[in-house]
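Dear colleague,

Please find below the structure I am handing over to you. My notes on what was found in it follow directly after.

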Amino acid sequence: MMKKWGLLLLLSIFLSACSKMNGEYEMSEKIHSIEQIVNEPNWEQIQSLGDELKQLHKQNEWKIQLLGDEDEYESLQESINNLLVAIEEKDLTETKLELSTIKTYLDDIYSL
């Protein structure tokens, strides 16, 4: 039992130290790209970036689950889905709000 926890702790430390490997860098860059475009809305491009963000999340989901607690990673997924709906509705205020919420969840998850 102790070996299992030790291995999980070591894996968590390794993943948190390697932001390119755990998805933090890519997700942060994607959010930054969306924030830049939101200021001069190009909704087709924002939609594409939002879909890419969702795909990045899906690819890194198991890593996020190791690093964050259940509430954080479930809330992150919910916020990404809310972001996609806001983009689809072309709701600028809600899009900005969800981007901010996603950034907060990512900061919480990737901080050790």
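Helix H6 crosses helix H7 in a left-handed sense, meaning that the near helix is turned anticlockwise from the far one by less than a right angle (clockwise would be right-handed). This is a predicted model, in which local features need pLDDT of at least 70 and side-chain atom pairs count only at pLDDT 80 or more, while totals for chains, interfaces and linings use all residues. Residues are numbered from 1 along each chain as its sequence is written, and side-chain values use heavy atoms, with hydrogens and water left out.

H6 spans residues 70-88 and H7 residues 92-110; their axes lie 9 Å apart at an angle of about 160 degrees. Helices here are DSSP runs (H or I, at least four residues), numbered from the N terminus. The axes are lines fitted to C-alpha atoms over the stretch in contact, with angles running from 0 to 180 degrees between N-to-C directions. The two helices are therefore roughly antiparallel, a label for angles over 145 degrees.

Residues of H6 that meet H7 include Tyr73, Leu76, Ile80 and Leu83, and among their counterparts in H7 are Leu99, Ile102, Tyr105 and Leu106; contact means heavy atoms within 4.5 Å. The residues of this contact comprise 11 nonpolar, 5 polar and 4 charged (nonpolar: Ala, Val, Leu, Ile, Met, Phe, Trp, Tyr, Cys and Pro; charged: Asp, Glu, Lys and Arg; polar: the others, Gly among them).

Lys90 sits in the loop between H6 and H7. Lys90 has a positive phi of about 55 degrees, although it is not a glycine. Most residues other than glycine have a negative phi. Lys90 is also exposed, at 53% relative accessibility (exposed is over 50% relative accessible area, buried under 20%, partly exposed in between; 1.4 Å probe, protein chains only).

The whole structure contains 2 salt bridges (a side-chain nitrogen of Lys or Arg within 4 Å of a carboxyl oxygen of Asp or Glu). In one of them, Glu52 pairs with Lys30, with the closest N and O atoms 2.5 Å apart. Glu52 belongs to helix H4 (residues 43-59) and Lys30 to helix H3 (residues 24-38), 22 residues apart. Lys30 is buried at 18% relative accessibility, whereas Glu52 is partly exposed at 34%.

Lys103 and Glu35 also form a salt bridge, at 3.0 Å from N to O. Lys103 is in H7 and Glu35 in H3, so this pair ties together parts 68 residues apart in sequence. Both are partly exposed, Lys103 with a relative accessible area of 35% and Glu35 with 24%.

Yours sincerely

Terms used: Angles under 35 degrees count as roughly parallel, over 145 as roughly antiparallel, 65 to 115 as roughly perpendicular and the rest as oblique.
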